[in-house]
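Subject: The structure we talked about

Hi,

Here is the structure I promised to pass on to you. Please open it alongside this note, and my findings follow below.

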Amino acid sequence: MNIEERRHILGKRIKTAREQQGISQRSFALMTGISQPYLSGVERGEISVGFNNLCKIADGLGIEPADLVR
């Protein structure tokens with residue numbers, strides 16, 4: 001699996017977890033302090049997420065960062 005495929009899988013996991021909790025992308029961006037355009041790009045697998053932002057996303061979802069990257 002290449003990096004691009006992994007980015008898409010990570011983005012899908014983030015989006016799925018957020019939607020399962022009934023949180024809109026806009027609300028989640030505000031909760032985490034991450035811009036909505038950046039979050040949207042991450043969820044689409046177009047943007048590589050850095051570790052700090054991965055931790056913010058995981059914290060916002062109430063899960064560990066490792067749960068998103070397994």
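**The largest pocket**

Met 1, Ile 3, Arg 6, Arg 7, Ile 9, Leu 10, Arg 13, Ser 48, Val 49, Leu 68, Val 69 and Arg 70 line the largest pocket. The elements that each give two or more residues to this lining are H1 and H5, and H1 gives the most, with six residues. Helices here are DSSP runs of H or I with at least four residues, and they are numbered from the N terminus (strands would be runs of E with at least two).

By type, the lining divides into seven nonpolar, one polar and four charged residues. The volume of the largest pocket is about 170 Å³.

For the pocket search, a 1 Å grid was laid over the protein atoms alone; a pocket is an open set of points with protein on both sides within 12 Å along at least five of seven lines, whereas a cavity is a set of points where a 1.4 Å probe fits but cannot get out, and lining residues have an atom within 4 Å of a point. Grid points are joined across faces, edges and corners, and the volume is the space filled by probe spheres set on the points.

**Before you read on**

This is a predicted model, in which local features need pLDDT of at least 70 and side-chain atom pairs count only at pLDDT 80 or more, while totals for chains, interfaces and linings use all residues. Residues are numbered from 1 along each chain as its sequence is written, and side-chain values use heavy atoms, with hydrogens and water left out.

**Helix H4**

Helix H4 covers residues 51-61, and its buried residues are Leu 54, Ile 57, Ala 58, Gly 60 and Leu 61. Seen down the axis of H4, these buried residues fall within an arc of 160 degrees, so they line one face of the helix. The arc is that of the directions from the helix axis to the C-beta atoms. Buried means under 20% relative accessible area, exposed over 50%, and partly exposed in between (1.4 Å probe, protein chains only).

What do the buried residues of H4 pack against? They pack against helix H1 (3-20), helix H2 (25-32), helix H3 (36-43) and helix H5 (65-69), with contact meaning heavy atoms within 4.5 Å. On the other side of H4, Asn 52 and Asp 59 are exposed. Just after H4 comes Gly 62, with a positive phi of about 75 degrees.

Further along, Glu 64 sits in the loop between H4 and H5 and counts as exposed at 52% relative accessibility. Pro 65 is in helix H5 and is buried, at 16% relative accessibility. Leaving out residues up to four places away in sequence, Pro 65 touches Leu 54, Cys 55 and Ala 58.

**Helix H2**

The buried residues of H2 are Gln 25, Phe 28, Ala 29 and Thr 32. Viewed down the axis of H2, they fall within an arc of 100 degrees, so they line one face of the helix. That buried set packs against H1, H3 and H4. The face turned away from the buried side of H2 carries the exposed residues Arg 26, Leu 30 and Met 31.

Thr 32 has a relative accessible area of 11%. Not counting residues up to four places away in sequence, Thr 32 touches Lys 56, Ile 57 and Gly 60. Just after H2, Gly 33 takes a positive phi of about 75 degrees.

**Salt bridges**

How many salt bridges are there? The count comes to three, taking a salt bridge as a side-chain nitrogen of Lys or Arg within 4 Å of a carboxyl oxygen of Asp or Glu.

- Glu 43 and Arg 18 meet through their side chains at 2.7 Å, N to O. Glu 43 lies in helix H3 and Arg 18 in helix H1, so the pair ties together parts that are 25 residues apart in sequence. Both Glu 43 and Arg 18 are buried.
- Glu 46 and Arg 44 also form a salt bridge, at 2.7 Å, N to O. Arg 44 is partly exposed, at 42% relative accessibility.
- Asp 67 pairs with Arg 70, the closest N and O atoms being 3.5 Å apart. Asp 67 is partly exposed at 39% relative accessibility, whereas Arg 70 is exposed at 65%.

Best wishes

Terms used:
Nonpolar A, V, L, I, M, F, W, Y, C, P; charged D, E, K, R; others polar.
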